[in-house]
Amino acid sequence: MMGLYSMVTGIGLLASLITGFIWERFGTPASFYFNGMLAIVAALLLSFFLRNQVE
């Protein structure tokens with residue numbers, strides 16, 4: 001279970017660094033648009049993988 005915690009924490013740190021870079025370089029709206037697009041991609045991938053498991 002500790003490995004899962006470390007993985008999630010590491011991904012969260014990386015996401016924060018990328019978002020901070022986009023915020024500083026391109027402005028606030030670009031940061032929110034980027035994270036919104038990532039959320040949509042994650043939802044689509046989750047939907048795809050869950051659909052394949054059900055069949």
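Q: Which helix is M37 found in?
A: M37 sits in helix α2; helices here are DSSP runs of H or I, at least four residues, and strands are E runs of at least two, numbered from the N terminus. This is a predicted model, where local features need pLDDT of at least 70, side-chain atom pairs count only at pLDDT 80 or more, and totals for chains, interfaces and linings use all residues. Residues are numbered from 1 along each chain as its sequence is written, and side-chain values use heavy atoms, with hydrogens and water left out.

Q: Is M37 buried or exposed?
A: Exposed, because its relative accessible area is 52%. The cut-offs are under 20% for buried, over 50% for exposed and partly exposed in between, with a 1.4 Å probe and protein chains only.

Q: How far is M37 from F49 in space?
A: C-alpha to C-alpha, M37 and F49 are 18 Å apart, and twelve residues separate them in sequence.

Q: What about S31, buried or exposed?
A: S31 counts as buried because its relative accessibility is 2%. It lies in helix α2, residues 28-54.

Q: And what does S31 touch?
A: Leaving out residues up to four places away in sequence, S31 touches T19, I22 and W23; contact means heavy atoms within 4.5 Å.

Q: Switching topic, where's M7?
A: M7 is in helix α1, residues 2-26. With a relative accessible area of 47%, M7 is partly exposed.

Q: OK, overall: how many helices and strands?
A: The protein chain has two helices and zero strands. Of its 55 residues, 5% count as buried.

Q: What box do the C-alpha atoms fill?
A: Roughly 45 × 30 × 10 Å, taken along the principal axes.
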